[in-house]
Amino acid sequence: MGQLHEALGELTAPRAVPILLTAPTVGQSTTPISGGAPVRISAIDSWIVSVPYTHRENSAQVNRDGVTDIIVRVATDEGLVGWGESCSGANVESVQEVLRACIPIALGRDPWIREALWHDCFRRGVWNFRESTFNFAWAGIDMALWDLCGKACGQPVYNLLGGLRRREVEYFYYLPYGAAPEVLETQCRAGVAAGYRVFYVKVGVDIAREAEAIALIRQTIGPEGRIRVDANEAWTVAEATRNLERLDAWGLDLAEQPVPADPVANMIELKGRTRVPLAANEGLWRVADAWEVITRRACDVLCFSPYWVGSLGHFHRLASVAALEGLATCKHTHGELGLAAVAGQHALLSLPHIVEGHQQTAAMMAGDILTESLPIATGPRWGVPAGPGLGVEVDEDQVAHYHEHYRRHGQFLPYTLDSMGAEDPEWPRPAR
Ligand SMILES: [Mg+2]
């Protein structure tokens, strides 16, 4: 890692951290991993990286050209290293600041006590007042701890999560929104040829055009392929009822968050009005939110992410409880790099009730920060990662390269200013 520090310079040099003046309140020293003195977390470093998409992602909510996330490295005094990824969303610098604020609470602690560390940061650190941003930040540290502990005991993360329930997970094909018919047709044919069975497309902007697109997708992928639509909360309950009936003429697999997630009564009412299976997505921001959606049976599928609920453990437990309620889980992403993707893969390999066609952006990334590309960069199926921990190697040169991209060009924001201001023609929108 010396090379990476050298390449990144002072911006990424480890920060001086205050010494803990009081003994930890929970999670006191545990059994040593390898005998002798207990292993301790000795350093947590992070780097913001910006990796472009091959094409812009458009929806009723976002216009985005790439992924800006935070790569997290946790090291121990024995020289063990674990890697994680904090996803960003609205503002990546705020996520990194939260991550940095957690460092003094984690330093010197046992890397196996993930839950106690989360408790101390979340409750004693008062980040429960800003839960969503904390969850995004902590998820990167949490992921690195799973990786580190897996490496320490020579076990893959899926074994730490309870072991394999399957040997393969299937991912979706993400069709571009608003593409010309010939482009959409070409994409569908390419997806079918590559073996994809689940095709996902955004809706919620122009129902007439979207109905034409759905018809073309069905005609091109054939009767067996599954069509999934995502309106990103764009419709009222009445609009969603009507629009889903219209689009279901071509057979929908499920509809993701057709109506606003708040209040949860929206989804509950729609579920009673439509025969199209519903996936909750927005609104699963926190553990308590996911719990409410599960226990009120406000959907058929939970489409959510470890970083929304703060940790791989929370994700796994909530998905397991959802299965007890008869609900399935779909792993969500709003753009992620290889570390977040592989952490999700370990969870999916070990969960009881998952859908086909999980979300991925690997196929639309222009690059990544791993030494080997993911199987889902080129096809729908991903088997069992080899090796302990997350089972992937971080390419430090690529981290440095994409950190430099961030330093030069900033964050890939979820919006473009030129897509806004339609109500004000006098507003000087910047040129693309
Ligand atoms: Mg969605």
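## The parallel sheet

Seven strands form an open sheet in the order β5-β6-β7-β8-β9-β10-β11, with parallel pairing; strands here are DSSP runs of E with at least two residues, helices are runs of H or I with at least four residues, and both are numbered from the N terminus. Two strands count as paired if DSSP finds at least two bridges between them. The edges of this sheet are β5 (173-174) and β11 (328-331), each of which pairs on one side only. Within the sheet, β8 (residues 254-256) and β9 (residues 278-280) run parallel and are joined by two bridges, and A255 has L278 in β9 as its bridge partner.

This is a predicted model, in which local features need pLDDT of at least 70 and side-chain atom pairs count only at pLDDT 80 or more, while totals for chains, interfaces and linings use all residues. Residues are numbered from 1 along each chain as its sequence is written.

## Backbone geometry in two loops

Most residues other than glycine have a negative phi, and most peptide bonds are trans. The loop between β8 and α9 (265-273) contains P263, and the peptide bond from D262 to P263 is cis, with omega near -5°. Q257 is also placed in the loop between β8 and α9, and has a positive phi of about 35° although it is not a glycine. Q257 counts as buried because it has 27 C-beta neighbours inside 10 Å; a residue is called buried if 20 or more other C-beta atoms lie within 10 Å of its own, exposed if 12 or fewer, and partly exposed in between, with C-beta atoms placed from the backbone.

A positive phi, near 55°, is also found at R297, a residue other than glycine, which lies in the loop between α10 (287-295) and β10 (301-304). With 14 other C-beta atoms within 10 Å, R297 is partly exposed.

## The antiparallel strands

β1 and β2 pair in the antiparallel sense over 13 bridges, and they form a hairpin with four residues between them. Along this pairing, W47 has I71 in β2 as its bridge partner. β2 is in turn joined to β3 by six bridges, again with the strands running antiparallel, and V72 stands opposite G84 in β3. The hairpin of β2 and β3 likewise has four residues between the strands, and in this hairpin G79 takes a positive phi near 90°.

Eleven of the 14 residues of β2 are buried, so this strand is largely enclosed by the rest of the structure. β3 is mostly covered as well, with five of its six residues buried.

The protein chain is divided into domain 1 (2-155 + 396-409) and domain 2 (159-382), with bounds that come from an automatic or database domain assignment. The centres of the two domains, taken over C-alpha atoms, are separated by 27 Å. Their contact takes 38 residues from domain 1 and 35 residues from domain 2, where two residues are in contact if their C-beta atoms, placed from the backbone, lie within 7 Å.

On the side of domain 1 that touches domain 2, the elements giving two or more residues are β1 (41-58), β2 (63-76), β3 (81-86), α3 (114-124), α4 (131-153) and α14 (396-409). The largest share of this side, twelve residues, comes from α4. The residues of this side divide into 19 nonpolar, twelve polar and seven charged, where Ala, Val, Leu, Ile, Met, Phe, Trp, Tyr, Cys and Pro count as nonpolar, Asp, Glu, Lys and Arg as charged, and the others, Gly among them, as polar.
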